[in-house]
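Here are a few notes to go with the model you asked about. Have it open on screen while you read, and take the points in order.

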Amino acid sequence: MLQLRGLCDNVDTGPETFNDHEMCFSIRGSEQPLLLRVRRALDYQDMPWQLRYIGQPELGDKSRPTIVRSSLDIATSNTVVDFLTELGCRLDFEYIARGYMFRKGRMKVTVSKIFKMAQQGKMPESMEAISQSYLVELSVLAPSGQDAIAEDMRIFAEQLKPLVQLEKIDYKRLVH
């Protein structure tokens with residue numbers, strides 16, 4: 001964590017902490033289901049909930065060091081779960097993510113521990129860590145076609161070796 005802190009912009013203030021509850025929904029209609037995520041901050045109950053659409057990974061150069069996909073975030077009220085349910089969306093899974101967020105220019109680095117819910121909808125008293133490891137995620141919001149940032153991400157990730165290995169994850173493998 002100290003190495004990451006030294007590499008990032010918020011050295012003086014330290015990393016921001018987060019404690020978020022995320023629910024992952026899907027709706028079937030075509031051959032490819034629509035996936036939506038709803039996230040809320042557990043420590044700040046008055047903050048808006050976030051609805052996120054994450055598109056399918058773009059097919060492109062396999063040697064590209066990162067996955068590129070479209071994303072759309074919308075601030076919503078706390079009735080968004082009821083709204084999605086009424087639309088016919090199904091809750092696939094939910095989890096709690098607790099950790100730290102760092103910034104390096106436009107890059108956002110999160111280091112989080114992921115907790116599964118022992119019973120759906122019952123929290124936070126009924127949760128357990130999925131692993132003893134931390135998930136380190138490096139992401140950037142960039143306009144379409146701006147591939148140079150992928151190289152900046154690769155270079156940044158190289159500085160975290162051997163503690164962190166930059167890998168492209170096939171999310172389809174995780175769902176099944």
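1. Start at the hairpin made by strand 5 and strand 6, which has 2 residues between its strands. Gly105 sits in that turn, and its phi is positive, about 65°. Strand 5 covers residues 90-104, while strand 6 covers 107-117. The two run antiparallel and are joined by 10 bridges; strands count as paired if DSSP finds at least two bridges between them. For one spot to look at, find Arg98, which stands opposite Lys113 in strand 6.

2. A word on what you are looking at: this is a predicted model, where local features need pLDDT of at least 70 and side-chain atom pairs count only at pLDDT 80 or more, while totals for chains, interfaces and linings use all residues. Residues are numbered from 1 along each chain as its sequence is written, and side-chain values use heavy atoms, with hydrogens and water left out. Helices (H or I, at least four residues) and strands (E, at least two) are DSSP runs, numbered from the N terminus.

3. Strand 5 has another partner, strand 1, and this pairing is antiparallel too, over 11 bridges. Look for Phe18, whose bridge partner in strand 5 is Gly99. As background, side chains in a regular strand alternate between the two faces of the sheet.

4. Now turn to helix 2, residues 80-87, whose buried residues are Val80, Val81 and Leu84. (Buried means under 20% relative accessible area, exposed over 50%, and partly exposed in between, with a 1.4 Å probe and protein chains only.) These residues span an arc of only 100° around the axis, so they lie on the same side of helix 2; the arc is taken from the directions from the helix axis to the C-beta atoms. Asp82, Phe83 and Glu86 are exposed on the other side. Among the elements covering the buried residues are strand 1 (16-27), strand 2 (34-41), strand 3 (49-54) and strand 4 (71-76). After the helix comes Gly88, with a positive phi near 105°.

5. (A salt bridge is a side-chain nitrogen of Lys or Arg within 4 Å of a carboxyl oxygen of Asp or Glu.) Arg90 is partly exposed at 46%, and Asp92 is partly exposed at 31%.

6. The structure holds 8 salt bridges. One of them joins Lys116 and Glu128 at 3.9 Å, N to O. Lys116 is in strand 6 and Glu128 in strand 7 (residues 127-129), so this pair ties together parts 12 residues apart in sequence. Glu158 and Lys161 meet in a salt bridge at 3.2 Å. Finally, Asp20, Glu22, Arg37 and Arg39 are linked in a salt-bridge network.

How values were computed. Contact = heavy atoms within 4.5 Å.
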